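Hi,

Here is the structure I promised to pass on. Please have a look, and then read on for what turned up in it.

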Amino acid sequence: MRKKSITLLSDGALTRRENTLYFENAQGKKPLAVEGIYDIYIYGHVNISSQALHFLAQKGIAVHFFNYYGHYDGSFYPRESLHSGDLLIKQAEHYLNKEKRLNLAKLFVTGSAKNMELNLKRWKINASFGELLKELESARKITEVMNVEARIRQEYYSLWDEVLPDGFKIVRRTRRPPENEMNALISFLNSRLYATIVSELYNTQLAPTVSYLHEPSERRFSLALDLSEIFKPIIADRIANRLVKQGIIKEEHFREELNGVLLTKEGMKTVLKAYNEELGKSIKHPGLKKNVTKQRLIRLEAYKLIKHLVGIKDYEPLVAWF
């Protein structure tokens, strides 16, 4: 049985009776087959019994929580069963060694920039971040790497705006709260993608708290922030671009709140439907010579990082061929 991600958008309660999980809301009580659950994403007010959490922990199912506004709050991260002491030492070594850390940080930014360039090409915009990537090569501090990354992304958003419809211009990137519809859409998708990457890391031997581009103190699962740089352009941005250009997401899917703009509940449902469909799409992997889902690419990227850390093969960031 192929396991699936479960999203709970309506208010309710998650409980356990014997070996079955139940989600109960105003529409009734629905059983959830634990054997078919990969992870759970909860938006809004859902009460979870301690018995349900114990059951989820036994089954190794991560639960991600988002608040009323669709912002990521945190994760219930079951006790790790795959972690390797040897790999943890290697991760720490690559963080503590300035050159090794700098190398990985630059690779994450390079992969992100290449994927942004590919997006712009798909959207019929001729652009290159070549000069900024040359500057990246000479960076000697993580702060310098982050500075170049920020400038690349700023230029990317400015160019993307040229082909976005009126009413859905980014103008400038704002987050908490997003100041307009496109910022709200991008933030919502990035938040969901981050949680997806956290789930994928849980199913590897990597410690999600040791990172290279982002400081480990920035967020508990900071390695997910590193990997998200690779996947935000080719997953979140592409979904956002398609939704607004095809008129699937409209102004009516947003509300003004918290001195900013946020998705309505119906807007969240629409975006999450597109997100889940995108991650479930299969593509032919040139290296493996077989079809894999786009979600699987995240796990494969983590495996590539493991091979780098243990000295089997140098890490090369994913640059989309699709």
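The structure holds 16 aromatic pairs, where rings of Phe, Tyr and Trp (its six-membered ring) pair if their centres lie within 6.5 Å, and planes under 30 degrees apart count as stacked, over 60 as edge-to-face and the rest as tilted. Please bear in mind that this is a predicted model, with local features needing pLDDT of at least 70, side-chain atom pairs counted only at pLDDT 80 or more, and totals for chains, interfaces and linings using all residues. Residues are numbered from 1 along each chain as its sequence is written, and side-chain values use heavy atoms, leaving out hydrogens and water.

Take Trp-123 and Trp-160: their ring centres are 4.9 Å apart and their planes lie at 20°, so the pair is stacked. Trp-123 is in the loop between H3 and helix H4 (130–137) and Trp-160 in helix H5 (residues 142–161), so the pair ties together parts 37 residues apart in sequence; helices here are DSSP runs (H or I, at least four residues), numbered from the N terminus. Both Trp-123 and Trp-160 are buried, meaning under 20% relative accessible area with a 1.4 Å probe, protein chains only.

Elsewhere, Tyr-41, Tyr-43, Phe-66, Tyr-72, Phe-188 and Tyr-194 form one aromatic cluster.

There are charges over rings too (NZ of Lys or CZ of Arg within 6 Å of the ring centre and within 35 degrees of the ring normal). The charged end of Arg-16 sits over the ring of Phe-55, 4.3 Å from its centre, and Arg-255 lies over the face of Tyr-68, at 4.9 Å from the ring centre.

Best wishes

Key. Helices (H or I, at least four residues) and strands (E, at least two) are DSSP runs, numbered from the N terminus. Buried means under 20% relative accessible area, exposed over 50%, partly exposed in between (1.4 Å probe, protein chains only).
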